[in-house]
Amino acid sequence: MGSLDTNPATFSTGDADSFQPLNADDVRSYLHTSVDFICDYYKSVESLPVLPSVEPGYLRRLLHSAPPTCSAPFSVTMKELREAVVPGMTHWASPNFFAFFPSTNSAAGIAGELIASAMNSVGFTWQASPAATEMEVLALDWLAQLLRLPPSFMNRTGAAGRGTGGGVILGTTSEAMLVTLVAARDAALRRIGSDGMAGITRLTVYAADQTHSTFFKACRLAGFDPANVRSIPTGEENNFALEPARLLEAMQADADAGLVPTYVCFTVGTTSSNAVDPVGAVADVAARFKAWVHIDAAYAGSACICPEFRHHIDGVERVDSISMSPHKWLMTCLDCTCLWVRDWHRLTGSLETTPEYLKNDVSDSGIVTDLKDMQVGTGRRFRGLKLWMVMRTYGAAKLQEHIRSDVAMAKMFEGLVRADDRFEVVVPRNFALVCFRIKPHGAMAEEEAEEANRELMERLNKTGKAYLAHTVVGRKFVLRFAVGSSTQEERHVRSAWELIQKTTTEMMMEGSIGEII
């Protein structure tokens, strides 16, 4: 059947040479080697091609297709990592990575992840890991204070008792959307007196057409009828933000038809163009129908720790939940999405599980919230440690400096684009994302403009010196230039712009885009 030796007679019985996976000398040696690898990687990543030139299936050809029977020195494992894995990586840590919203990191974040992995706690209840639970609660409250969220979203656990609000650290925004959709679904069913799930076909949910695609996936998982998921059109006149009047029209039409408006998701910093939906105005519309209101601030929420950007979430006191992901822009490595809810009972009421083997006096007392009851699964990682270590080590001032530096570099890039008549900024810059393209001139059709910009993007990415992605806004094919990699400096942004200009000039000389000037 296979190459693994399953004869019990060959198993060790615990002598000095038996398998010890956490032998202290091995742990120290392996981790020292790994730390050296990480440090060398960060020193060299700038010189590596951002996008690898490998073909699908390449790795299986380089590594063994079956698991080994015998052990090997750790040096062999690291050699294969260097020779087979690294050449196939897209280097998100590269300062020449501009394609997507960043996946930031830091020394403190890496250290927190390492220590949490070593402790390897499974903090599904407070009793299972008191420090892990309370660290997560503390880190969430710290970040809530940096964002100046109202006290109604705070975790307040201790002698003073539990407040109505609370938070939890999840893996991704997708999870935050899913659990709040489930809570909103159940609340709406109770409100209409539904017998079980019988009334779910009457429930409707709403989001702008710029909302992340994961929202529509989460709606399916939560059981909403796809025919009742409303995608509200946006337009260039509002910079592709959700228009409250259009939302009201859609919700009112559904209510008049006997449907039940249940959930509204709006975004602070959409993926395509960084559009910002108006928080207060949307919340006011949703309140007319008692619909749950959720803010997806996965990327741009981090910027709101800076006073000059905090206005983007004005009105947050009127929403039911808000999520943001420090792993995108707040120097905390994947995965780390923070979700706060104004009434934690509405979340735990839908997600709580109380098997006999997890019952204990502290949980029964109501003094604490077991974080398993605010997520889909039961097991959970010690994510709060790395977030706390990042905030404790760098402080608010350094984190704000990081955000402001990225925004300043993006603003500089925007200025460079506007100064070159061959290009245009398609939507006003928000935060650290610039959406631009080669500008069509004369009789050039949009199809031809798309072809030119697609070719520009492909040529840039093939150089290995930069990586850009695209999107479509207002039926225009545009390039996204997202500043924010943890190792990025102004020189990298300028170098990328020079490469863009040079490549465009080459295309013009070849006649690829000669008609646009």
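Which element gives the largest share of the lining of the second largest pocket? The answer is β10, with three residues. This is a predicted model, in which local features need pLDDT of at least 70 and side-chain atom pairs count only at pLDDT 80 or more, while totals for chains, interfaces and linings use all residues. Residues are numbered from 1 along each chain as its sequence is written, and side-chain values use heavy atoms, with hydrogens and water left out.

A pocket is an open set of points on a 1 Å grid over the protein atoms alone, where a 1.4 Å probe fits, with protein on both sides within 12 Å along at least five of seven lines; lining residues have an atom within 4 Å of a point. The second largest pocket holds about 550 Å³ of space. Its lining has 29 residues, and F100, F101, H212, T271 and K328 are the closest to its centre.

The largest pocket holds about 920 Å³. Among its 31 lining residues, I38, Y42, N105, I110 and C333 lie nearest the centre. Helix α1 gives the most to this lining, eight residues.

Now turn to helices α13 (residues 384-418) and α15 (residues 490-510), whose axes come within 10 Å and cross at roughly 25 degrees. Angles under 35 degrees count as roughly parallel, and α13 and α15 are therefore roughly parallel to each other. Their contact (heavy atoms within 4.5 Å) is made by M409, M412, F413, L416 and V417 of α13 and E490, V493, R494, W497 and I500 of α15.

Definitions and conventions: Axes fitted to C-alpha atoms, helices over the stretch in contact; angles between N-to-C directions. Helix = DSSP H or I, 4+ residues; strand = E, 2+ residues; numbered from the N terminus. Parallel < 35°, antiparallel > 145°, perpendicular 65-115°, else oblique. Points joined across faces, edges and corners; volume = space filled by probe spheres on them.
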